[in-house]
Amino acid sequence: TVCSFREEPWEPPFLDAIRNRTVEAGARFVETRDVAKVSALSGQDLLIAVSWRYLVPRAVYGSMRLGAYVLHDSMLPAYRGEELPDEGSRTKESQA
């Protein structure tokens, strides 16, 4: 099961491509911002959340037999949100 959400007006389009790839692979696709309401996740072995910007409740990630992994493209919570820190700020931090 693959879950994703409609992009915001300022973001490049991504939902349709994710949905199409999922369907082509023969998997189930659910459009949602709230994974707690997705009954298709019940009984799954593994949760991999990539750049998911909404809370994944403990009841959801705790039910995964093999675990849950959340990947974000910046250090949390310092750089939460959609904007990545620029290279200069990352370099300064690594030298501190």
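Good morning. The structure is a predicted model, in which local features need pLDDT of at least 70, side-chain atom pairs count only at pLDDT 80 or more, and totals for chains, interfaces and linings use all residues. Residues are numbered from 1 along each chain as its sequence is written, and side-chain values use heavy atoms, with hydrogens and water left out.

I begin with the surface. L46, I48, V50, L66, Y69 and L71 form a nonpolar patch there, with about 590 Å² of accessible area together. Such areas come from the Shrake-Rupley method with a 1.4 Å probe, and for residues only the protein chains shown count as cover. A patch is made of residues with over 30% relative accessible area and no salt bridge; nonpolar side chains (Val, Leu, Ile, Met, Phe, Trp, Tyr) are joined within 5 Å, and like charges within 9 Å.

Which strands supply at least two residues each of this patch? They are β3 (46-50) and β4 (67-71). The largest share, three residues, comes from β3. Helices (H or I, at least four residues) and strands (E, at least two) are DSSP runs, numbered from the N terminus. L71 belongs to strand β4. L71 counts as partly exposed because its relative accessibility is 47%, where buried means under 20% relative accessible area, exposed over 50%, and partly exposed in between (1.4 Å probe, protein chains only).

I turn now to the salt bridges. A salt bridge is a side-chain nitrogen of Lys or Arg within 4 Å of a carboxyl oxygen of Asp or Glu. How many does a search of the whole structure find? The search finds seven.

One of them joins D16 and R6, whose closest N and O atoms are 3.8 Å apart. This pair links distant parts of the chain, since D16 is in helix α1 and R6 in the loop between β1 and α1, ten residues apart. D16 is partly exposed at 42% relative accessible area, and R6 is also partly exposed, at 32%.

Because R33 lies in the loop between β2 (29-31) and β3 and E8 in the loop between β1 and α1, the pair ties together parts that are 25 residues apart in sequence. R33 is partly exposed at 33% relative accessibility, and E8 is partly exposed at 22%.

The side chains of D45 and R65 also meet in a salt bridge, with 3.2 Å from N to O. Here D45 is in the loop between β2 and β3, and R65 in the loop between α2 (58-61) and β4, 20 residues apart. Is R65 buried or exposed? R65 counts as exposed, at 61% relative accessibility, whereas D45 is partly exposed at 36%.

Finally, I consider two buried residues. E11 lies in the loop between β1 (2-4) and α1 (15-24), and its relative accessible area is 14%, so E11 is buried. A polar atom of the E11 side chain lies 2.6 Å from the backbone nitrogen of E8.

S74 lies in the loop between β4 and α3 (87-95) and counts as buried at 13% relative accessibility. The C-alpha atoms of S74 and S51 are separated by 9.5 Å, while the two residues are 23 residues apart along the chain.

Thank you for your attention.

Technical notes
Polar contact = N/O pair within 3.5 Å; in protein donor to acceptor, adjacent residues only side chain to side chain.
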